[in-house]
Amino acid sequence: MTNVSALVSFTESAAAGSFTAAAAKLDLTPAAVSKNVARLEQQLGVRLFNRSTRQLRLTAEGEAFRGRAAAALRALDEAVAEIGHARGAAVGRVRISVGVSFGRRYLLPLLPALAARHPELQVEVSLDNRAVDLLAEGYDIGVRGGVIEESSLVARRIARLPLVLVASPGYLRAHGAPRQVADLAQHDLLGVRLPGGGDIPWRFRRASGRGATVLSVPARLWLSDPEALIDLSLEHAGIAQVGLHHAMPLLRTGRLKAVLTDWHDAGNREIVLHYPHRQYLAPRVRVTVDALLAGLANNQDLHATRAALPEAWRA
């Protein structure tokens, strides 16, 4: 039978991209993690990683085995959780993947109360803006925003995700506020480029009122994190498209102004909480999902709409 510690060493090394990072997470030495993986490779009769002094990359066989190994470990976690279920308790580890800015501002503040209610629950949060395969990487819950596509995962809507164009009062004093979409050609624009290489388009309602037009953003500066994009806006660097929930505190205090609100139309975007579909959801996952959805439902900034912005917040 395959050693569980070998499977854990393999899946954590695959997720972290190095034996050293996996060892730090597992409280082992890098040598111990490497030995566990080597023992697993010997048992399977295949090489799972291509190793070099700087990189650790999955082989084709390693990539195929990764999903199966993660599923096996999840099944083991669920078996442990069933013991807790028999006692009516949420027991075990819950792994959550969430974007950096949203996680820090909205999700992390909910965790102390969750931990206090369920002392035998262990919550592990990964703050990362990249696209994550929840099943293959062994996550129980994922929180993501954007245009949500159909998938095999359960999707629970947290909130709609209106986007807003913002700039600092200092930038607007120096460059003027755009009054129509064509004016953006004369402005410094700031863009978000996702870790996968794509960027989030800027969409505007047509003058006819029928449909929308998409602007290919000629940005001067690109960032991967919405929070950092707001920081750059506060430095009077230009106009940025950001989530309204990120911008709300700064619009409220006047440090940012919304522009082109009558024309801007970001489309049908939303923030959702994902988890793998199971007929019987493990208690540790169920109580975490319920706590997060309840806490996020009570945050007014998450449910603000662009139409409700006071006139004083607009340029």
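Here are some questions and answers about this predicted model.

Me: Let's start with the overall picture. How many helices and strands are there in the protein chain?
Reply: The chain has 315 residues, and buried ones make up 43% of them. Among contacts with a separation of 6 or more, 73% link residues 24 or more positions apart. As for the elements, the count is 11 helices and 14 strands.

Me: Now the second largest pocket. Which elements give two or more residues to its lining?
Reply: This pocket holds about 300 Å³ of space, and 19 residues line it. Thr11, Glu12, Leu73, Arg93 and Arg95 lie nearest its centre. The elements giving two or more residues to that lining are helix H1 (4–16), helix H4 (60–86), strand E3 (92–98) and helix H7 (134–137).

Me: How many charged residues does the lining of that pocket have?
Reply: Sorted by class, the lining has nine nonpolar residues and two polar ones. The charged residues in the lining number eight.

Me: Let's zoom in on Thr11. Is Thr11 buried or exposed?
Reply: Thr11 is found in helix H1. Beyond residues up to four places away in sequence, Thr11 touches Ala69, Ala70 and Leu73. Its relative accessible area is 13%, and the cut-off for buried is under 20%, so Thr11 counts as buried.

Me: On to Gln241. Which residue's side chain makes a polar contact with the side chain of Gln241?
Reply: Gln241 is found in strand E12 (residues 239–243), and with a relative accessible area of 7% Gln241 is buried. Leaving aside neighbours within four places in sequence, its contacts include Leu163, Trp202, Arg203 and Leu229. The polar contact between side chains spans 2.7 Å, and the partner is His264.

Me: What about Pro276? How far apart in space are Pro276 and Leu134, C-alpha to C-alpha?
Reply: Pro276 lies in strand E14 (residues 270–276) and is buried, with a relative accessible area of 5%. Apart from residues up to four places away in sequence, Pro276 touches Leu135, Tyr139, Asp140, Leu153 and Leu281. In sequence, Pro276 and Leu134 are 142 residues apart, while in space the distance is 7.8 Å.

Me: I'd like to look at backbone angles as well. What is phi of Asp27 near?
Reply: Most residues other than glycine have a negative phi. Asp27 is found in the loop between helix H2 (19–26) and helix H3 (30–44), and at 70% relative accessibility Asp27 is exposed. Asp27 isn't glycine, yet its phi is positive, near 60°.

Me: Leu260 has a positive phi as well. Is Leu260 buried or exposed?
Reply: Leu260 lies in the loop between strand E13 (257–259) and E14, and its phi is near 55°. Its relative accessible area is 7%, and under 20% means buried, so Leu260 is buried.

Note on methods:
Residues numbered from 1 in each chain as written. Predicted model: local features only at pLDDT ≥ 70, side-chain atom pairs only at ≥ 80, totals over all residues. Heavy atoms only, no water. 1 Å grid on protein atoms, 1.4 Å probe; cavity = no way out; pocket = protein on both sides within 12 Å on 5 of 7 lines; lining within 4 Å. Points joined across faces, edges and corners; volume = space filled by probe spheres on them. Helix = DSSP H or I, 4+ residues; strand = E, 2+ residues; numbered from the N terminus. Nonpolar A, V, L, I, M, F, W, Y, C, P; charged D, E, K, R; others polar. Buried < 20%, exposed > 50% of the residue type's maximum accessible area, 1.4 Å probe, protein only. Polar contact = N/O pair within 3.5 Å; in protein donor to acceptor, adjacent residues only side chain to side chain. Contact = heavy atoms within 4.5 Å.
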